[in-house]
There are 2 protein chains.
Amino acid sequence: MFEIDPRDRNPIYEQVVERLKELIIHDVLKEDEKLPSVRDLAKQVMINPNTIQKAYRELESQGYIYSLKGRGSFVSPTYTTENKEKREKVMEQLKKLLAEALYLGVTEEELKALITEVGGGE
Amino acid sequence: MFEIDPRDRNPIYEQVVERLKELIIHDVLKEDEKLPSVRDLAKQVMINPNTIQKAYRELESQGYIYSLKGRGSFVSPTYTTENKEKREKVMEQLKKLLAEALYLGVTEEELKALITEVGGGE
DNA sequence: TTAACTGTATTAGTATTTATAGTACACTTA
DNA sequence: TAAGTGTACTATAAATACTAATACAGTTAA
């Protein structure tokens, strides 16, 4: 599914969160698709199940997955009630990053091209 | 100059870095302008000078300021050799954030409008 | 030269975070 | 029932983050 980089300064559970988030955002993991169980993924990645559990809890609190006791963890449907908050947070971060990019000399045209590039794959 | 929010979960030195970066990016602090001394800023913000020093060191390693022993710390000129790297990093982060925004339902048009909004103030 | 100002380095102590381990419980499914 | 799920809790060790106190070295201006 993915691998952990031991040289990465970021904590393992954060790496797991990031990798899974990427898979979800890029639609590799589809809506309501079942994720590996906590224990399975722990075996795959060769780390402690509690670390996976922590990552799953984080993803759930961020609204990307939902978990059902005894059944498993699944990818959340894209449009949920929490989406508005998430969108606003992302937009805030985007504002800061865009201002920084412009400060560094990136042009508005380059930025708009980037949007087309990222969004074009659908 | 700015204030520290004690309720903010982020460490003080990071808050200092963020605030100063904002001032630099938004051109409140101009090229080669002198920043407050480590000790002065520490008094202003009511924290330990070492915490400011850490923030300054971080800003220096990120290329936003440069420090001269005995003289002070100053805002870096915008275009430096390290800019290419910085730009690439920011573009990478932007790609991820843009993909996330699109996933959350933000349209390409909204994103392009955001660019115009951020960049329009100059 | 001296005094007061700069950044910097070092050391220390405390708090927090991270990762792991073990155990137990409750629910679902075959 | 048995095996597989998520979840909760405690404990521990290690690493990292954070702040603080102090001392050192360079610059500047009186």
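1. Basis of the values. In this predicted model local features need pLDDT of at least 70 and side-chain atom pairs count only at pLDDT 80 or more, while totals for chains, interfaces and linings use all residues. Residues are numbered from 1 along each chain as its sequence is written, chains are lettered from A in the order in which they are written, and side-chain values use heavy atoms, with hydrogens and water left out.

2. The interface as a whole. Chain B contributes 38 residues to the contact and chain A contributes 38 residues, where contact means heavy atoms within 4.5 Å. About 3,900 Å² is buried between the two chains, and carbon and sulfur atoms give 74% of it; buried area is the accessible area (1.4 Å probe) that two parts lose on being put together, summed over both. Of the area that chain B buries against chain A, Tyr103(B), Leu104(B) and Ile115(B) supply 20%, more than any other three residues.

3. Helix 4 against helix 4. Helices here are DSSP runs (H or I, at least four residues), numbered from the N terminus, and axes are lines fitted to C-alpha atoms over the stretch in contact, with angles running from 0 to 180 degrees between N-to-C directions.

4. Residues of that pair. Among those that meet are Val90(A), Leu94(A) and Leu97(A) from chain A and Val90(B), Leu94(B) and Leu97(B) from chain B. The residues of this contact of helix 4 of chain A with helix 4 of chain B divide into ten nonpolar, two polar and two charged (Ala, Val, Leu, Ile, Met, Phe, Trp, Tyr, Cys and Pro count as nonpolar, Asp, Glu, Lys and Arg as charged, and the others, Gly among them, as polar).

5. A buried lysine. Lys86(B), in helix 4 of chain B, is buried with a relative accessible area of 13% (buried means under 20%, exposed over 50% and partly exposed in between, with a 1.4 Å probe and protein chains only). Leaving aside neighbours within four places in sequence, Lys86(B) is in contact with Leu104(A), Gln62(B), Gly63(B) and Tyr64(B).

How values were computed:
Helices (H or I, at least four residues) and strands (E, at least two) are DSSP runs, numbered from the N terminus.
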